[in-house]
Amino acid sequence: MARYIHTIDAKGRVIVPARVRNNLDGTLYVAPSLDEGYLSAYSSQQFQGILDQLSEQSGTDPEFRQFRRDFLGSAVACDLDNQGRISLPDELWTSIGVEAGGEICFIDMFDKVEICARDFYESTKDQGKKLSELDLSRFDVKGL
């Protein structure tokens, strides 16, 4: 539950933050996010849970089939190298507007890690409401 900034190297690799790596079994699954400008990254256990839920759904709905095709067709299993880096295909980096040499943010969301371009994160943060302006009453989260 933090934000980390790292740079993509010339080969499309990026260091996964140590605190994120500590929760992995050596593999990180990266897929398109439901939110524009983001990728979602999951541990093996988290990704398997998503696969289990997807397999329980009916395949008769065309929109769900399209989602499954897009989500699973772009998902990549990334093994950590000895330096704690992962390598993503250019297609995924391009989908969030970054390339080699670009800075990205890893945002630990507890149930997954979101990945986005640093510039995108900064611009959306500046455009959004301040925490004090958000109406979170419908979520019934105590202690905030």
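Q: Of the contacts with a separation of 6 or more, what percentage comes from residues 24 or more positions apart?
A: That share is 60% in this chain. Keep in mind that the model is predicted.

Q: OK. How many helices and strands are there?
A: The chain has five helices and eight strands.

Q: And what pattern do they follow along the sequence?
A: Reading along the sequence gives β-β-α-β-β-α-α-β-β-α-β-β-α.

Q: What box do the C-alpha atoms fill?
A: Along the principal axes, the box is roughly 45 × 40 × 25 Å.

Q: What percentage of the residues is buried?
A: Of the 144 residues in the chain, 33% are buried.

Q: Which residues make the nonpolar surface patch?
A: Leu131, Leu134, Leu136, Phe139 and Val141 make it. The patch covers about 500 Å².

Q: Take leucine 131. Where does it lie?
A: Leucine 131 is in the segment that comes after helix H5, and that helix spans 118-127.

Q: Is leucine 131 buried or exposed?
A: Leucine 131 counts as exposed, because its relative accessibility is 73%. The cut-off for exposed is over 50%.

Q: Switching to charges. How many positive and negative side chains are there?
A: There are 16 positive and 24 negative ones. The centres of the two sets lie 4 Å apart.

Q: How many salt bridges does a search of the whole structure find?
A: The search finds four. Let's go through some of them.

Q: Next one. Which residue does aspartate 81 pair with in a salt bridge?
A: Aspartate 81 pairs with arginine 85. Here the closest N and O atoms are 2.7 Å apart.

Q: Is arginine 85 buried or exposed?
A: Arginine 85 is buried, because its relative accessible area is 18% and the cut-off for buried is under 20%. Aspartate 81 has 26% relative accessibility, so that residue counts as partly exposed.

Q: What about their accessibility?
A: Glutamate 103 is partly exposed, at 36% relative accessibility. Arginine 118 is partly exposed too, with a relative accessible area of 29%.

Q: New topic: serine 74. Which helix is it in?
A: Serine 74 belongs to helix H3, which covers residues 62-74.

Q: Is serine 74 buried or exposed?
A: Serine 74 is buried, because its relative accessible area is 18%.

Q: What does serine 74 touch, not counting residues up to four places away in sequence?
A: Serine 74 touches Val30, Pro32, Arg69, Glu91 and Leu92.

Note on methods
Residues are numbered from 1 along each chain as its sequence is written. This is a predicted model: local features need pLDDT of at least 70, side-chain atom pairs count only at pLDDT 80 or more; totals for chains, interfaces and linings use all residues. Side-chain values use heavy atoms; hydrogens and water are left out. Helices (H or I, at least four residues) and strands (E, at least two) are DSSP runs, numbered from the N terminus. Buried means under 20% relative accessible area, exposed over 50%, partly exposed in between (1.4 Å probe, protein chains only). Contact means heavy atoms within 4.5 Å. Lys and Arg count as positive and Asp and Glu as negative; His and the chain ends are not counted. The place of a charge is taken as NZ of Lys, CZ of Arg, CG of Asp or CD of Glu. Patches are made of residues with over 30% relative accessible area and no salt bridge: like charges are joined within 9 Å, nonpolar side chains (Val, Leu, Ile, Met, Phe, Trp, Tyr) within 5 Å. Accessible areas come from the Shrake-Rupley method with a 1.4 Å probe; for residues, only the protein chains shown count as cover. A salt bridge is a side-chain nitrogen of Lys or Arg within 4 Å of a carboxyl oxygen of Asp or Glu.
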